[in-house]
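Please work through the following exercises with the sequence and the model side by side, trying each task before reading its solution.

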Amino acid sequence: MTLVLPMQIDNDQVNHVESVVSWNVKTLLAAQGKAQSALAGALGIQRATISNKIKGRIAWSLADLVRAAAFLETSPEYLMDDSLMKQLQNLGNNKTVAADTRPRYLVMPSDGEVCPGCDSNARHLL
(Lines give C-alpha, C1' and ligand atoms only; values in the text may rest on other atoms or scores of the structure.)
Protein backbone atom coordinates (compact mmCIF):
# COMPACT_ATOMS: atom_id res chain seq x y z
CA MET A 1 0.00 0.00 0.00
CA THR A 2 1.32 3.42 -0.98
CA LEU A 3 0.69 6.42 1.23
CA VAL A 4 0.11 9.66 -0.68
CA LEU A 5 0.78 12.78 1.31
CA PRO A 6 -1.39 15.82 0.61
CA MET A 7 0.12 18.66 -1.37
CA GLN A 8 1.03 21.67 0.74
CA ILE A 9 -1.18 24.67 -0.02
CA ASP A 10 -0.40 27.94 1.66
CA ASN A 11 -2.89 30.65 2.60
CA ASP A 12 -1.65 32.96 -0.18
CA GLN A 13 -2.69 30.40 -2.79
CA VAL A 14 -6.11 29.97 -1.19
CA ASN A 15 -6.59 33.73 -0.92
CA HIS A 16 -5.60 34.15 -4.57
CA VAL A 17 -8.18 31.62 -5.78
CA GLU A 18 -10.85 33.22 -3.57
CA SER A 19 -10.09 36.66 -5.02
CA VAL A 20 -10.10 35.26 -8.59
CA VAL A 21 -13.52 33.69 -8.06
CA SER A 22 -14.86 36.95 -6.62
CA TRP A 23 -13.38 39.00 -9.47
CA ASN A 24 -14.75 36.66 -12.15
CA VAL A 25 -18.21 36.55 -10.56
CA LYS A 26 -18.33 40.35 -10.27
CA THR A 27 -17.11 40.76 -13.87
CA LEU A 28 -19.62 38.28 -15.28
CA LEU A 29 -22.48 39.83 -13.32
CA ALA A 30 -21.65 43.21 -14.82
CA ALA A 31 -21.12 41.82 -18.33
CA GLN A 32 -24.44 39.97 -18.26
CA GLY A 33 -26.36 42.80 -16.59
CA LYS A 34 -27.35 40.58 -13.68
CA ALA A 35 -27.78 41.77 -10.11
CA GLN A 36 -26.04 40.43 -7.03
CA SER A 37 -29.47 39.94 -5.48
CA ALA A 38 -30.44 37.58 -8.33
CA LEU A 39 -27.26 35.58 -7.76
CA ALA A 40 -28.00 35.48 -4.03
CA GLY A 41 -31.43 34.06 -4.83
CA ALA A 42 -29.92 31.40 -7.10
CA LEU A 43 -27.52 30.41 -4.30
CA GLY A 44 -30.26 30.48 -1.68
CA ILE A 45 -28.47 33.07 0.45
CA GLN A 46 -29.11 36.65 1.50
CA ARG A 47 -27.94 39.57 -0.63
CA ALA A 48 -25.62 40.76 2.16
CA THR A 49 -23.95 37.34 2.17
CA ILE A 50 -23.24 37.37 -1.58
CA SER A 51 -21.92 40.91 -1.23
CA ASN A 52 -19.53 39.73 1.48
CA LYS A 53 -18.43 36.78 -0.66
CA ILE A 54 -17.65 39.09 -3.58
CA LYS A 55 -15.76 41.44 -1.25
CA GLY A 56 -13.72 38.52 0.08
CA ARG A 57 -15.08 38.67 3.62
CA ILE A 58 -16.76 35.25 3.36
CA ALA A 59 -15.23 32.24 1.60
CA TRP A 60 -16.86 30.61 -1.43
CA SER A 61 -18.04 27.08 -0.72
CA LEU A 62 -17.86 24.42 -3.40
CA ALA A 63 -21.67 24.44 -3.62
CA ASP A 64 -21.64 28.24 -4.06
CA LEU A 65 -19.06 27.95 -6.81
CA VAL A 66 -21.07 25.34 -8.73
CA ARG A 67 -24.36 27.24 -8.35
CA ALA A 68 -22.78 30.59 -9.27
CA ALA A 69 -21.25 29.03 -12.38
CA ALA A 70 -24.63 27.64 -13.42
CA PHE A 71 -26.32 31.01 -12.81
CA LEU A 72 -23.63 32.78 -14.85
CA GLU A 73 -23.79 30.10 -17.60
CA THR A 74 -20.16 29.11 -17.24
CA SER A 75 -18.12 26.44 -15.47
CA PRO A 76 -16.62 26.37 -11.98
CA GLU A 77 -13.22 26.03 -13.66
CA TYR A 78 -13.77 29.31 -15.51
CA LEU A 79 -14.62 31.07 -12.26
CA MET A 80 -11.28 29.89 -10.84
CA ASP A 81 -9.28 30.86 -13.96
CA ASP A 82 -7.13 33.95 -13.39
CA SER A 83 -5.94 34.42 -17.00
CA LEU A 84 -8.29 37.31 -17.87
CA MET A 85 -7.53 39.09 -14.60
CA LYS A 86 -3.77 38.75 -15.27
CA GLN A 87 -4.15 40.04 -18.84
CA LEU A 88 -5.97 43.14 -17.63
CA GLN A 89 -3.39 43.73 -14.91
CA ASN A 90 -0.64 43.53 -17.53
CA LEU A 91 -2.46 46.09 -19.67
CA GLY A 92 -2.63 48.40 -16.68
CA ASN A 93 1.11 48.00 -16.08
CA ASN A 94 1.92 49.14 -19.62
CA LYS A 95 2.46 52.87 -19.10
CA THR A 96 3.35 53.77 -22.67
CA VAL A 97 0.34 54.52 -24.85
CA ALA A 98 0.80 56.08 -28.27
CA ALA A 99 -0.95 59.42 -28.63
CA ASP A 100 -2.98 58.28 -31.65
CA THR A 101 -4.42 55.27 -29.80
CA ARG A 102 -6.06 57.27 -27.03
CA PRO A 103 -9.85 57.48 -27.22
CA ARG A 104 -11.20 60.75 -28.59
CA TYR A 105 -14.36 62.47 -27.39
CA LEU A 106 -16.37 65.07 -29.23
CA VAL A 107 -17.46 67.87 -26.95
CA MET A 108 -20.43 69.77 -28.28
CA PRO A 109 -21.80 72.57 -26.11
CA SER A 110 -25.59 72.79 -26.10
CA ASP A 111 -27.35 75.79 -27.58
CA GLY A 112 -26.56 78.84 -25.49
CA GLU A 113 -23.68 77.11 -23.67
CA VAL A 114 -19.98 77.72 -24.11
CA CYS A 115 -16.93 75.54 -23.66
CA PRO A 116 -15.46 76.26 -20.22
CA GLY A 117 -11.95 75.83 -21.64
CA CYS A 118 -12.09 78.42 -24.42
CA ASP A 119 -15.33 80.37 -23.82
CA SER A 120 -16.69 79.55 -27.26
CA ASN A 121 -19.44 77.35 -28.61
CA ALA A 122 -17.03 75.49 -30.91
CA ARG A 123 -16.84 71.71 -31.09
CA HIS A 124 -13.67 70.09 -29.71
CA LEU A 125 -12.01 66.72 -29.89
CA LEU A 126 -10.50 65.82 -26.55
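The model is predicted, so local features need pLDDT of at least 70 and side-chain atom pairs pLDDT 80 or more, while totals for chains, interfaces and linings use all residues. Residues are numbered from 1 along each chain as its sequence is written, and side-chain values use heavy atoms, without hydrogens and water.

**Exercise 1.** Classify Leu84 as buried, partly exposed or exposed.

*Solution.* Begin with its place, which is helix H6. Next apply the cut-offs: buried is under 20% relative accessible area, exposed is over 50%, and partly exposed lies in between (1.4 Å probe, protein chains only). Leu84 is at 32% relative accessibility and therefore counts as partly exposed.

**Exercise 2.** Determine whether Asp64 is buried or exposed, and which residues surround it.

*Solution.* First locate Asp64 in helix H4, residues 62–71. Its relative accessibility is 8%, so Asp64 counts as buried. Then list its contacts (heavy atoms within 4.5 Å): leaving aside neighbours within four places in sequence, these are Leu43, Lys53 and Ala59. Finally, the side chains of Asp64 and Lys53 are joined by a polar contact of 2.6 Å.

**Exercise 3.** Find which residues Trp60 touches, not counting those up to four places away in sequence.

*Solution.* Applying that exclusion, the list for Trp60 reads Glu18, Val21, Ser22, Val25, Leu43, Ile50, Lys53, Ile54 and Ala68.

Conventions:
Helix = DSSP H or I, 4+ residues; strand = E, 2+ residues; numbered from the N terminus. Polar contact = N/O pair within 3.5 Å; in protein donor to acceptor, adjacent residues only side chain to side chain.
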